Amino acid sequence: MKKQVLLSTLTGLFMLSGCSTVAVTGRSQLNLVSDSEVLTASLTQYGDYMKTAKKSSNKKQTDMVTRVGKRIAAATEKYLITNGLESELKNYSWEFNLVESKEVNAFCMPGGKIVVYEGIMNLVANEDELAVIIGHEVAHAVAKHSNERMSQQMLASYGSQALSLALSSKSALTQKIAGSVYGLGAQYGVMLPFSRKHESEADYMGLIFMKIAGYNPEAAIPFWKKMAADGGKTPEFLSTHPSDSRRISDINKALPEINTKY
């Protein structure tokens, strides 16, 4: 009993001491890792990736990615400075690359290292639609979603250890079954819903950044409709992204506020 109380107390302390606030949305998030730790790991992984990735030879598209990326980054920094968050600027060293790949995707590493795949450019009709993609990826960095994701995994791992200790008096078979159930719950009950929350938050924040940069956030609707038509239909419950219909619906709801406020 004492062990269980101690574990619950420590978990509570982790939660209280590891909370921060997401810029723009004000959402409270779990953050148990420092920016320096995340950035160090990120730069190493990014460097390793870029050693094997092949940069696109399409100069027109590469220039477009760089041009739009720089405008979005400048708008993001303007937002941070205007809202008294200039101390966050040290965490970003923006870089935008277009790489050869048929995959319809893009990703962002902490610190502002953003990669766009050639495959997704086939769905981009103009710079406004590219700004939807890059704004979304920049938002992941600004919201520190990688920090939060790592913190969730740390807490899930700690919880697994706590469960193992709590069931130490049970048979090996019982512990094995309980561990399997906990692992499934951690993945589908915590990790994936949080990932969907991150994606929705990045959609919203990205629209704000692209609006400040002078792009038209209305372009998000036709772009995500094209993405929906191009991609598969994974049930939302088992997906790390919001369903296509929910994403488009949420963006439609957010657009009037964004167009008026920014």
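**Strand pairing, cores and salt bridges in a predicted model**

Strands β3 and β5 (residues 113-117) pair in the parallel sense over five bridges, two strands being taken as paired if DSSP finds at least two bridges between them. Within this pairing, Phe 96 has Ile 114 of β5 as its bridge partner. The structure is a predicted model, in which local features need pLDDT of at least 70 and side-chain atom pairs count only at pLDDT 80 or more, while totals for chains, interfaces and linings use all residues. Residues are numbered from 1 along each chain as its sequence is written, and side-chain values use heavy atoms, with hydrogens and water left out.

The chain contains nine helices and five strands, where helices (H or I, at least four residues) and strands (E, at least two) are DSSP runs numbered from the N terminus. Along the sequence these elements follow the pattern α-β-β-α-α-β-β-β-α-α-α-α-α-α. Of the 262 residues, 43% count as buried, a term that means under 20% relative accessible area, with exposed meaning over 50% and partly exposed in between (1.4 Å probe, protein chains only). The chain exposes about 13,600 Å², of which carbon and sulfur atoms supply 57%; these areas come from the Shrake-Rupley method with a 1.4 Å probe, and for residues only the protein chains shown count as cover. Among contacts (heavy atoms within 4.5 Å) between residues at least 6 apart in sequence, 72% join residues at least 24 apart.

Strand β3 (residues 95-99) has four of its five residues buried, and it is therefore largely enclosed by the rest of the structure. On β5, a further partner is strand β4, which runs antiparallel to β5 and is joined to it by four bridges; in this arrangement Ala 106 stands opposite Val 116. The two strands β4 and β5 form a hairpin with three residues between them, and Gly 111 in the turn has a positive phi of about 95°. In a regular strand the side chains alternate between the two faces of the sheet. In β4 (residues 106-109), Ala 106 and Cys 108 point one way, Phe 107 and Met 109 point the other way, and all are buried.

The largest nonpolar core has 51 residues, and those with the most contacts inside it are Ile 72, Val 116, Leu 130, Ile 134, Val 138 and Phe 223; such a core is a set of buried Ala, Val, Leu, Ile, Met, Phe, Trp, Tyr and Cys residues joined through side-chain atoms within 4.5 Å. Helix α5 (residues 127-142) gives the largest share of this core, with nine residues. Apart from this core lies another, of eight residues, among them Met 50, Ala 53, Phe 107 and Tyr 117. When residues up to four places away in sequence are not counted, Phe 223 touches Ile 120, Leu 123, Val 124, Glu 129, Val 132 and Ile 133.

Helix α5 also holds Glu 137, which is buried yet has no salt bridge, the nearest side chain of opposite charge being that of Arg 247, 7.8 Å away. For such charges, Lys and Arg count as positive and Asp and Glu as negative, whereas His and the chain ends are not counted. Leaving aside neighbours within four places in sequence, Glu 137 is in contact with Ala 106, Phe 107, Cys 108 and Ile 114.

The count of salt bridges comes to 11, each defined as a side-chain nitrogen of Lys or Arg within 4 Å of a carboxyl oxygen of Asp or Glu. One of them joins the side chains of Arg 27 and Glu 148 (2.9 Å, N to O). Because Arg 27 lies in the loop between β1 and β2 and Glu 148 in helix α6, the pair ties together parts that are 121 residues apart in sequence. Asp 35 is partly exposed at 23% relative accessibility, whereas Lys 144 is buried at 15%.
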